[in-house]
Amino acid sequence: MSLQNPVFIPGPTNIPEAIRKACDMPTLDHRSPAFARLFRPAVAGVRRVLGMADGEGEVIILPSTGTGGWEAAISNTLSPGDTVLAARFGMFSHRWIDMCQRHGLNVQTLETPWGEGAPLAAIEAALRSDTAHAIRAVLATHNETATGVKSDIAGIRRSMDAAGHPAMLFVDGVSSIGSMPFEMAAWGVDVAVAGSQKGFMLPAGLAILGVSPKALAAMPTATLPRTFFDFADMLRTYAAGGYPYTPAVGLIAGLARAIEMLEDEGLEAVYARHSRIAEGVRRAVFAWGMRPCAVSPDLYSDTVTAVVVPEGCNGTDLVKLAAESYGMAFGVGLGEVAGKVFRIGHLGSLTEPMMLSGLATAEMCMADLGWPVRLGSGVAAAQDYWRHGARSAKAAA
Ligand SMILES: *Cc1c(COP(=O)(O)O)cnc(C)c1O
């Protein structure tokens, strides 16, 4: 690996210099008002990025990662033996299901082909047939990072409402929040989970959650064990501007800076940039004669593309060669699609010219491996798209 190249893995993402500097700070007493001054803007900024309703619900920032955020979501709101409904269509939805099972929850799993998204009709049917309302929560992976599939969270909420079911809606937004539109209040999300190292462009180390009033109300009767992740402890100490234990002060300073960067660019502009870069990447993929793992355009992710490699080729070979020969990082295929895809991460601190370096390097690897791809074909397709009308107004100005 070369530390000079950008990474094209779907997290951790490239860290802008300004954020690295913001994280680098002297020791600060976390029980002093100086910490509260640092912490409050980070919490307020997260509320805006998550699209939380004014004055409703709480933001929780834990020293952890996205996985810890999942654990916090279930352990604060559910009890052993509770039923949750989840679709499995990739490695990350699979891991969340596995975690629920290990916590003694009863997971009603909707098996869904990898490459597809959350099955709205099956979710609605499962909720309608649950007349006793045993299902306490619906779990949804907004952006399945293993397959590059985006699911329709607003649609899941509509299915839940159509079924007249009172379950909570928990959403894994680890690889979407901060890079793709997310509307916690408008979509009726009860717990949203993000991590610091993807759209927020920080090092790993924070789990970032939004918790709705309904999820907060579920806490007092939820009996799954929790101590480190206990929201009640967090909220009690937050009120005084503090923390129940030692916070990751540098990362929290970096988070406030990251939100400032996102808002300076404008959240809508950030989402548009991701969508534009993603479309250019897909044009390159099609020009190579390949296709995204996501089975239809409405499912295409704006943050990661899992590229299905030609018959007889192995995606993992490309990832290994890119690292060894060119010092560049792409993502390997995980689980069911191991070897069948390689993944291009295109989220966080990224521009079209940076992305061109990734596409060009992927092509060199394909040529080195003897794959049937013409050098420059994908790069030219992306260049054509980014030149003609798809340029950002800001960059063009
Ligand atoms: C990265 C990722 C996770 C896991 O997060 P960690 O920070 O590695 O614990 C969970 N879900 C999705 C969708 C992810 O992309």
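Predicted model: local features only at pLDDT ≥ 70, side-chain atom pairs only at ≥ 80, totals over all residues.
Local features need pLDDT of at least 70 and side-chain atom pairs count only at pLDDT 80 or more, whereas totals for chains, interfaces and linings use all residues. Residues are numbered from 1 along each chain as its sequence is written, and side-chain values use heavy atoms, without hydrogens and water.

Ligand oxygen is also found 2.9 Å from a polar backbone atom of Gly-66 and 2.6 Å from a side-chain N or O atom of Lys-198. The protein buries 88% of the 380 Å² that the ligand exposes when taken alone (Shrake-Rupley method, 1.4 Å probe). Among the residues around the ligand, with a heavy atom within 4 Å of it, are also Trp-70, Asp-172 and Gln-197. Helix H3 (residues 66–77) supplies the largest share of this shell, three residues; helices are DSSP runs (H or I) of at least four residues and strands (E) of at least two.

Seven strands form an open sheet in the order E1-E9-E8-E7-E4-E2-E3, with mixed pairing; pairing requires at least two DSSP bridges. Its edge strands are E1 (58–63) and E3 (106–111). Strands E7 (residues 168–172) and E8 (residues 191–195) run parallel and are joined by three bridges, with Val-171 opposite Ala-192 in E8. H3 packs on this sheet, touching E1, E4, E7, E8 and E9, at about 160° to the direction of E8; contact means heavy atoms within 4.5 Å, and angles, from 0 to 180 degrees, are taken between N-to-C directions of axes fitted to C-alpha atoms, for helices over the stretch in contact.

Technical notes:
Polar contact = N/O pair within 3.5 Å; in protein donor to acceptor, adjacent residues only side chain to side chain.
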